[in-house]
Amino acid sequence: MEKNIPIEAKRFKKVREEQKYTQHSFAELLQIGTTTADIERGKTKLSGKAVMELLLQFDINPLWLFGNSFNQYLNVNNGDVSPQVITIDKEENETILLVNQKAAAGYPHNVQDVGWYDTLPAFNIPLPEYRNATYRGFQVEGDSMLPNIRPNEWVLGKAVSNISEASDSRIYIVVLHDSVLVKKLQKIPNAPNKVRLISLNSEYLPINVEVKNIQELWQVNSKLSFGVDEPSETILFKQLQQSMEELKGQINNLKQ
């Protein structure tokens, strides 16, 4: 009976299993009824709507689905996450814009508004690390990236042009359609249309986002901190113990 099942039904089932959906939940997701059982058995033909949803939600290549291509995935939006606007100074050098917490709330909605960027402070850093690339600074809100990045600190990010260039386990500034997040990025196996965003603070759960919902991506390469914490009591106590041991050693040397 397995031999009589058409290739599109077998590959449809393969996609469902790779994405870890039940037959019921997958049918619900694709809006094609209550279960995918009949499709996977070859009793019901794969509808055009199902093919379209597989393409939109999982980048599944329709030609692969019907056995006419070796490429399972077809990246519809090409993963473009490059900056929408670049700013320059009077000497035509690129500047680094600073986006504070208040501005970050409106950033996703003004990402293509050239005039809006004029309201943001901009500067240059005359260091080789900040040449030949586009950088932008964002002020961090919340404690989800503790202990590495504290609330109100600033992170500077280097522009990423395509999601394929992003590296696993690096920290990024992720500009979505409704928010700006600073998270560690992780690619999801067999799901090129999604990435997982992870907080360093274990109290926050990871979240999965679709690549098509990412407007811009900036790889964090440095941060700006203001104010240095005083040494804790534990550190001061250890320093005092070390000084006492050194003093004892000097006294013992004098006695010899």
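What follows is a short walk through the fold of this protein, from the overall make-up to a few single residues.

Before I start, please keep in mind that this is a predicted model, in which local features need pLDDT of at least 70 and side-chain atom pairs count only at pLDDT 80 or more, while totals for chains, interfaces and linings use all residues. Residues are numbered from 1 along each chain as its sequence is written, and side-chain values use heavy atoms, with hydrogens and water left out.

Let me begin with the whole protein. Its secondary structure comes to eight helices and nine strands, where helices (H or I, at least four residues) and strands (E, at least two) are DSSP runs numbered from the N terminus. Of the 256 residues, 38% are buried, and by buried I mean under 20% relative accessible area, with exposed meaning over 50% and partly exposed lying in between (1.4 Å probe, protein chains only). The protein exposes about 15700 Å², of which carbon and sulfur atoms supply 52%; these areas come from the Shrake-Rupley method with a 1.4 Å probe, and for residues only the protein chains shown count as cover. Taking contacts (heavy atoms within 4.5 Å) between residues at least 6 apart in sequence, 59% join residues at least 24 apart.

Now to the sheet. The nine strands form an open sheet in the order S2-S1-S3-S4-S9-S5-S6-S7-S8, with mixed pairing. Strand S2 (122–123) and strand S8 (207–210) stand at the edges with a single partner strand each, so one side of each is left without a neighbour in the sheet. Two strands are said to pair if DSSP finds at least two bridges between them.

Six of its seven residues are buried, so S5 is largely enclosed by the rest of the structure. Towards S9, S5 runs antiparallel and is joined by five bridges, with tryptophan 218 of S9 as the bridge partner of isoleucine 173. Towards strand S6 (residues 180–187), S5 pairs in the antiparallel sense over six bridges; the hairpin that joins S5 to S6 passes through three residues, and tyrosine 172 has lysine 183 in S6 as its bridge partner.

What about the nonpolar cores? A nonpolar core here is a set of buried Ala, Val, Leu, Ile, Met, Phe, Trp, Tyr and Cys residues joined through side-chain atoms within 4.5 Å. The largest has 21 residues, among which Tyr107, Tyr117, Val155 and Val182 touch the most other members. At least two residues of this core come from each of strand S1 (96–99), helix H6 (101–106), helix H7 (114–117), strand S5 (170–176) and S9, and S5 gives the most, with three residues. A second, separate core of 15 residues includes Val160, Val174, Leu181 and Val209.

Turning to the helices, helix H4 (residues 48–58) has as its buried residues Ala50, Val51, Glu53, Leu54, Gln57 and Phe58. Seen down the axis of H4, these fall within an arc of 165°, so they line one face of the helix; the arc is that of the directions from the helix axis to the C-beta atoms. Their cover includes helix H1 (7–18), helix H2 (23–30), helix H5 (62–65) and strand S7 (194–198). In H2, the residues Phe26, Ala27 and Leu30 are buried, and they pack against H1 and H4.

I will close with single residues in loops. Threonine 134 lies in the loop between S2 and strand S3 (135–139) and, at 12% relative accessibility, counts as buried. Its side chain makes a polar contact with the side chain of glutamate 94 (2.6 Å), a polar contact being a pair of N or O atoms within 3.5 Å, where within protein one must be able to donate a hydrogen and the other to accept it, and residues adjacent in sequence count only if both atoms are side-chain atoms. Most residues other than glycine have a negative phi, and most peptide bonds are trans. Lysine 20, however, has a positive phi near 65°, and the peptide bond from leucine 146 to proline 147 is cis, with omega near 5°. Lysine 20 is in the loop between H1 and H2, whereas proline 147 lies in the loop between S3 and S4.
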